[in-house]
Amino acid sequence: MTLCGVVPRELKMTNRSGHPFEFGDVENVTTTPRTLTRADSGKVFVAGVADLVLTLPAVTAALKGVTYALYVETLSTGTGAAFSPAAADKIKGKGITAADDKDLINTAATDAEGDMARVTCDGVDWIISAGLVGTWARET
């Protein structure tokens, strides 16, 4: 029920942090790898550990629209922070040649705090859904 167009606080939908949906959740990740689920959609994952790997769920039509973001805070000591798709899935986007089971990696040689990537499921594959910040490449 609304009163003069105002939605009572108890009726507003919120995300897991209790914020209205226009605000995303932020999670500092300090163990790697971290396996993502549908419930993690909309989160920004802050790499609180070197070479963080975020393992993406296997693509299904039901995941269409699920989105994750990775923000690099802790710099690499080896390969770089990465999104890792399932064996039969691709990550595709401008400058990234799509191939099954190949990670999207923030290159360790040039990583910097503030590098960022966002991926969204289109129901068939994972797509890079915002411009990449920093240098990212497909796993060889």
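Which residues have the most contacts inside the largest nonpolar core? They are Tyr68, Phe83, Leu104 and Trp126, in a core of 24 residues. A nonpolar core is a set of buried Ala, Val, Leu, Ile, Met, Phe, Trp, Tyr and Cys residues joined through side-chain atoms within 4.5 Å. The elements that give two or more residues to this core are β3 (44-47), β5 (67-72), β9 (116-121) and β10 (126-128).

This is a predicted model, in which local features need pLDDT of at least 70 and side-chain atom pairs count only at pLDDT 80 or more, while totals for chains, interfaces and linings use all residues. Residues are numbered from 1 along each chain as its sequence is written, and side-chain values use heavy atoms, with hydrogens and water left out.

**Overall composition**

- The protein has eleven strands and zero helices; both are DSSP runs numbered from the N terminus, with at least four residues (H or I) for a helix and at least two (E) for a strand.
- Of the 140 residues, 34% count as buried, where buried means under 20% relative accessible area, exposed means over 50%, and partly exposed lies in between (1.4 Å probe, protein chains only).
- Among contacts with a separation of 6 or more, 58% are between residues 24 or more positions apart; a contact means heavy atoms within 4.5 Å.
- The accessible surface comes to about 7700 Å², and 57% of this surface belongs to carbon and sulfur atoms; the areas come from the Shrake-Rupley method with a 1.4 Å probe, and for residues only the protein chains shown count as cover.

- Strands of a sheet pair through backbone hydrogen bonds, either parallel or antiparallel.
- Two strands are said to pair if DSSP finds at least two bridges between them.
- Strand β2 pairs with β4 (residues 53-55) in the parallel sense over two bridges, and arginine 34 stands opposite leucine 54 in β4.

**The sheet of six strands**

- A further open sheet, of six strands, has the order β1-β3-β5-β9-β10-β7, again with mixed pairing.
- Here β1 (26-29) and β7 (91-92) stand at the edges with a single partner strand each, so one side of each is left without a neighbour in the sheet.
- Four bridges join β1 and β3 in the parallel sense, and valine 29 has alanine 47 in β3 as its bridge partner.

**Aromatic pairs**

- The structure holds two aromatic pairs; rings of Phe, Tyr and Trp (its six-membered ring) pair if their centres lie within 6.5 Å, with planes under 30 degrees apart counted as stacked, over 60 as edge-to-face and the rest as tilted.
- Phenylalanine 45 and tyrosine 68 form a tilted pair, 6.3 Å centre to centre with 55° between the planes.
- Phenylalanine 45 lies in strand β3 and tyrosine 68 in strand β5, so this pair ties together parts that are 23 residues apart in sequence.
- Phenylalanine 45 is buried, with a relative accessible area of 0%, and tyrosine 68 is buried with a value of 0%.
- Tyrosine 68 and tryptophan 126 also form a tilted pair, at 5.7 Å centre to centre and 40° between the planes.
- Tyrosine 68 belongs to strand β5 and tryptophan 126 to strand β10, so the pair ties together parts that are 58 residues apart in sequence.
- Phe45, Tyr68 and Trp126 form one aromatic cluster.

**Asparagine 106**

- Asparagine 106 is found in strand β8 (residues 104-106) and is buried, with a relative accessible area of 0%.
- A polar atom of the asparagine 106 side chain lies 3.1 Å from the backbone oxygen of threonine 135.
- Not counting residues up to four places away in sequence, asparagine 106 touches several residues, including Val72, Asp111 and Trp136.

**Backbone features in loops**

- Most residues other than glycine have a negative phi, and most peptide bonds are trans.
- A cis peptide bond, with omega about 0°, joins threonine 32 and proline 33; proline 33 is in the loop between β1 and β2.
- Aspartate 51 has a positive phi, near 60°; aspartate 51 is in the loop between β3 and β4 and is buried, at 14% relative accessible area.
- Aspartate 101 has a positive phi, near 60°; aspartate 101 is in the loop between β7 and β8 and is partly exposed, at 38% relative accessibility.

Note on methods. A polar contact is a pair of N or O atoms within 3.5 Å; within protein, one must be able to donate a hydrogen and the other to accept it, and residues adjacent in sequence count only if both atoms are side-chain atoms.
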